[in-house]
Amino acid sequence: MADRPNVKTCMGAAMTALLLLYCLPVRASMPLTETIHTLGEGEFEIAAGAALIRSDSLFRRESATLGLGVLENLSAWYTVQYLHRESGNSGDALGDSFLKLWYYLGHWRDGRFHAGLAMMFRLPTGPGVYGNAEWRNAALGVNEMMGGAAFQWNIPPVFLHGCAFYVCRQAEGEDFYQGLNINPGRKKTFTSLAGLNPWSGGAFLHRNRLKNDYASVSLAVNTLLAYPILPFLEAYYSHRVYPRRTENDSIPVEGAGVDPLLLCAGGRFFFNHRGFLEAYCVFSLPRRDGFLREIIGVSASLVF
């Protein structure tokens, strides 16, 4: 009679299966942390979420996202948001929109370390933060361009995640994309390196245009110990790159009057390897008047 597998062997096989399942690149980013999330070529992702945001007022922000696996290692997502004011003068408004491009660089050390690059664009479809205080911390209504990297380190059954981003934010009255020169027939395109030369006057990355910019870092940890529930913890911090003195610097939003330090706890329930439900809570350590205090949210994602 053939030997029956012992308990340790069965547990090891089950954990290996879960690791392989989790490491499939179909896991959406966490609330505060960009993660290794790559759609297969030709795959689609649909996601939706809702969050209660409490600052001096209470908002509800709903979001809908469509993702596409463009190439084997290149994915793109587009997100739209809609806002509801739950306290004070109630009302609704269209929120900001986002375009995210993600490129998976690969994995090393026997698949334990993963890395990728992300570029994100905030489109100013929401109420403007400079002239409209009603929706602050629920929408910005200005252009932003965010570039950075994300990594994942597997220490089974624990997974560590991190990301770092530089964020270019549009100043009040600024033509945000004016400094980009992409016309090959113009000398300026080459002398300014298409607007990326920080020493070229008027270039997109010239030092005079960087005074609204900020940088952010985020770390997260999750585990498979309670699968199909994956609990996670996150910490997020951002800081202005160039301190300056204008009336807009005191606005109680990230990148202006506040350098936020946010903590998040939550969990995801995976009903199969291509879909999950999520619940989370974000707590802000800076307790500034007008700045966000807590966020409670739920979301769902499905890849097909």
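**Close-up views of a predicted model**

**View 1. Nonpolar cores.** The largest nonpolar core holds 35 residues, and Trp102, Tyr280, Val282 and Ile295 have the most contacts inside it. A nonpolar core is a set of buried Ala, Val, Leu, Ile, Met, Phe, Trp, Tyr and Cys residues joined through side-chain atoms within 4.5 Å. Buried means under 20% relative accessible area, exposed over 50%, and partly exposed in between (1.4 Å probe, protein chains only). Another core, of seven residues, lies apart from the largest one; among its members are Val129, Tyr130, Leu140 and Val253. In soluble globular proteins, nonpolar side chains tend to be buried together.

This is a predicted model: local features need pLDDT of at least 70, side-chain atom pairs count only at pLDDT 80 or more, and totals for chains, interfaces and linings use all residues. Residues are numbered from 1 along each chain as its sequence is written, and side-chain values use heavy atoms, with hydrogens and water left out.

**View 2. Contacts of tyrosine 280.** Contact means heavy atoms within 4.5 Å. Leaving aside neighbours within four places in sequence, tyrosine 280 touches Pro31, Ala51, Phe232, Cys264, Ala265, Gly266, Ile295, Ile296, Gly297 and Val298.

**View 3. Two cis peptide bonds.** Proline 156 and proline 157 are joined by a cis peptide bond, with omega about 5°. Proline 157 sits in the loop between strand S6 (144-155) and strand S7 (158-169). Strands (E, at least two residues) are DSSP runs, numbered from the N terminus. A cis peptide bond also joins tyrosine 227 and proline 228; here omega is about 20°. Proline 228 belongs to the loop between strand S8 (214-223) and strand S9 (229-240).

View 4. Aspartate 110, a residue other than glycine, has a positive phi near 60°. Its loop runs between strand S4 (91-108) and strand S5 (113-123). Aspartate 110 is exposed, at 83% relative accessible area. For asparagine 137, phi is also positive, near 75°. Asparagine 137 lies in the loop between S5 and S6. Is this residue buried or exposed? Asparagine 137 counts as buried, at 12% relative accessibility.

**View 5. Leucine 302.** Leucine 302 is in strand S12 (residues 294-303). Its relative accessible area is 33%, so leucine 302 is partly exposed.

Definitions and conventions:
Helices (H or I, at least four residues) and strands (E, at least two) are DSSP runs, numbered from the N terminus.
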